[in-house]
Amino acid sequence: LAELIITSSIPQLEFGQRFQFEVQGLDQYGNNINIGEVIWSTTGGSILNNGRFRASYQEEKITVTATLGEISVSADLTIVEPPKLTTLVISPNQVEIKPGQHQQFKLHGLDQWVREIAVGRIVWKAIGGTIDQNGNFIADINAKGKFRVTATATEYNISTFADITVVSVLIYFSIFPKEVALKPEENFTFDVIGFDQQDEPI
C-alpha cells in the first residue's frame, strides 16, 4: 500500500445531513489494492467505522480523515445551516386606491443569505376592506383614509405589511339652500356642495 484516496467526498452538508465516505488503496504503481478496515476520524460531527458521516447542528469547517497504518488521507467540508425563511417582501408596499377598487398584493421570501425561498402557507389580514388568501384586496365602498394589509408566513411566524390609502371620491352633489323665497327679478346664488363616500363635504 502506497496511498489512500477518498473516492467519495462532498464540499458542503446541512445540519444533521448524512454522507457515505469511501476510500480506496493504491500500490506503488498506482493500481488498486485491497485494503483492510481503515480508521475514520473527524474534527466535527460524527463518523462510523464504515465511513458513514453525520453532520453536527452548528456551522463549522471540518476535516474527515481515513487512516490505515502510517498512511492517511483527508477531506475538508463545511457544515451550514439549512436555508430558512427570514424575510417576507410585499409588493406594492404602499398604494393609493378608490373605494371598491381591487388591489393585488404579491409576496416573495428571502432566506438568511438573502436568496429567494418559498414562503409556505400565508395568512392575509386587512382593515379598510377584505382580502382573500391570494392577496387580492377590495377596499370597502365607504372606506376612506389609511389602512393596512398584513401577510404572515405561519411556519416561521414572519410578517410583513402594506399601507393602503383609500382616497376621498365625489359621490353626490347637494344644492344649498334647499328652498328660498325670492321677490320678482331678485338675484340669488345657490351653493353646490359635493360629498364623499362618508357623506363629508369635499
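The side chains of Lys144 and Asp196 come together in a salt bridge, with N and O 2.6 Å apart; the term stands for a side-chain nitrogen of Lys or Arg within 4 Å of a carboxyl oxygen of Asp or Glu. This pair ties together distant parts of the chain, since Lys144 sits in the loop between strand E18 (136-139) and strand E19 (145-153) while Asp196 lies in the segment after E22, 52 residues apart. (Strands, E, are DSSP runs of at least two residues, and helices, H or I, of at least four, numbered from the N terminus.) This is a predicted model, in which local features need pLDDT of at least 70 and side-chain atom pairs count only at pLDDT 80 or more, while totals for chains, interfaces and linings use all residues. Residues are numbered from 1 along each chain as its sequence is written, and side-chain values use heavy atoms, leaving out hydrogens and water.

How do the two partners sit relative to the surface? Asp196 is buried, because its relative accessible area is 1%, where buried means under 20%, exposed over 50% and partly exposed in between (1.4 Å probe, protein chains only). Lys144, at 23%, counts as partly exposed.

Glu200 forms a salt bridge with Lys144, and here the closest N and O atoms are 2.3 Å apart. Again, distant parts of the chain are linked: Glu200 belongs to the segment after E22 and Lys144 to the loop between E18 and E19, 56 residues apart. Glu200 is partly exposed, with 36% relative accessibility. Put together, Lys144, Asp196 and Glu200 make up a network of salt bridges.

The total comes to 5 salt bridges. One of them joins Arg115 and Asp111, with 3.3 Å between the closest N and O atoms. Asp111 is buried at a relative accessible area of 4%, whereas Arg115 is partly exposed at 44%.

Then there is the greasy side of things. Leu170, Phe173, Ile175, Val180, Leu182, Phe188, Phe190, Val192 and Ile202 make a nonpolar surface patch of about 850 Å². Patches take residues with over 30% relative accessible area and no salt bridge, joining nonpolar side chains (Val, Leu, Ile, Met, Phe, Trp, Tyr) within 5 Å and like charges within 9 Å; accessible areas come from the Shrake-Rupley method with a 1.4 Å probe, and for residues only the protein chains shown count as cover. Phe188, a member of this patch, is found in the loop between strand E21 (172-176) and strand E22 (191-195). Its relative accessibility is 37%, so Phe188 counts as partly exposed.
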